[in-house]
Amino acid sequence: RPLIVHIARDVTERKRAQKRLQLAATVFENTSEGIMITDSAGRLQSTNPAFTAITGFAADEVIGQNPRILQSGLQSREFYLQMWDSIAATGQWQGEIINRRKNGEAYTQWLNINAVRDVSGKVTHYVGVTFDISELKASERMKDEFIASVSHELRTPLTSIHGSLGLLDSGVASASPEKSAELIRIAKGNSHRLLRLIDDILAIAKIESEKMKFHLRSVNVAELVASAVEANQEYAKQFGVQIDMDPGPDDARVLGDKDRLMQVLANLLSNAAKPSPGGGTIEVTTVSKDGYWRICVTDCGPGSPKSFRGEVFKKFAQADATDRRRRGGTGLGLSISKAIIDRLGGRIGFDSEPGVRTCFYFELPKMQPHWTVEAGGDR
């Protein structure tokens, strides 16, 4: 009887051990973190599918090789010496490292390396667990640039307004009505710039908290375009640019929120004015397209680089942060515009011929006779 009990316990333990191994294998195969296992000499013995997804290297391409094949060349020799000193002293290391994928692309990853020892304390294997943080790092860089841009955008107009009001208050310009009018114009223009910035920041906060509300009404497209051009003509003149328009048919209507659509057009016009060469013209047109009214804002600036086109409507995104500082802007306008048009059931996009023309546009469904204001309501 004791032997039977012993055998039963042994069988039970084996089953438990088998289940643990099966669970470990399932985790190894299905976890989103890349895992690589090397022997004590650093030769790769096993990798999981997530490792392949992150690096581009299939298991049979790296088995038997040293993980040095992933090195980007962007880390110093001292970096690796400190890494292995830590592993030798504590049995583990973790931190950021820049590696290179099979296609040659450098990326940032978070890597955790642990030494595996046998019962005698001898290292038998090393296990590296990693995940790609390149998008997170890119987001952090964009946020840092955004903070720097907002600081710049706030300081520049406030300094100008403060200076203009100071001169007016001191009476220096009182003897010259023309000079006083010029100082007032400067202060007014910079106040408008501040309002744009505040509107963008408030809008993105409302979008992220899903608190942005829309008051849907029948909107006359021609009147919308005319109002937007009039409101932004002075802003365009700051860059030596003229806005021309063809607002489309008088009876063109969409179901939308006029204030939000004015914000979209302000963003598109601002986006067009900044890169346009002095003396250039921005064209605003309205055309009918497959049951939609398409409003186009076209400029003759340099356009977007092909490598940046997938980023255009992302938050904080601008192709050249240096140009952002020179021209102004936060990188929020197009992201906000896309969020607004998406919520209104429309579409937004752009066409660009580098060095020739760039057209940003949005489309909204044509207002149908059976639609009513009540049918739209508020959102």
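**Cavity, confidence and salt bridges**

Mentor: The lining of the largest cavity has 8 nonpolar residues, no polar and no charged. Nonpolar here is Ala, Val, Leu, Ile, Met, Phe, Trp, Tyr, Cys and Pro; charged is Asp, Glu, Lys and Arg; the others, Gly among them, are polar. This is a predicted model, where local features need pLDDT of at least 70, side-chain atom pairs need 80 or more, and totals for chains, interfaces and linings use all residues. Numbering runs from 1 along each chain as its sequence is written, and side-chain values use heavy atoms, without hydrogens and water.

Trainee: Which residues line the largest cavity?

Mentor: Val221, Leu224, Val254, Leu261, Trp293, Ile295, Phe362 and Leu364.

Trainee: Where is confidence lowest in the protein chain?

Mentor: In helix 9 (residues 321-327), with a mean pLDDT of 47; pLDDT is the predictor's confidence in each residue, from 0 to 100. Helices (H or I, at least four residues) and strands (E, at least two) are DSSP runs numbered from the N terminus. Where pLDDT is low, the predicted coordinates should not be read in detail.

Trainee: Next topic: how many salt bridges are there?

Mentor: The whole structure has 9, counting a side-chain nitrogen of Lys or Arg within 4 Å of a carboxyl oxygen of Asp or Glu. One of them joins Glu363 and Arg294, at 2.5 Å from N to O. Glu363 is in strand 12 and Arg294 in strand 10, so the pair ties together parts 69 residues apart in sequence.

Trainee: Are Glu363 and Arg294 buried or exposed?

Mentor: Both Glu363 and Arg294 are buried, meaning under 20% relative accessible area; exposed is over 50% and partly exposed in between (1.4 Å probe, protein chains only).

Notes: On a 1 Å grid over the protein atoms alone, a cavity is a set of points where a 1.4 Å probe fits but cannot get out, and a pocket is an open set with protein on both sides within 12 Å along at least five of seven lines; lining residues have an atom within 4 Å of a point.
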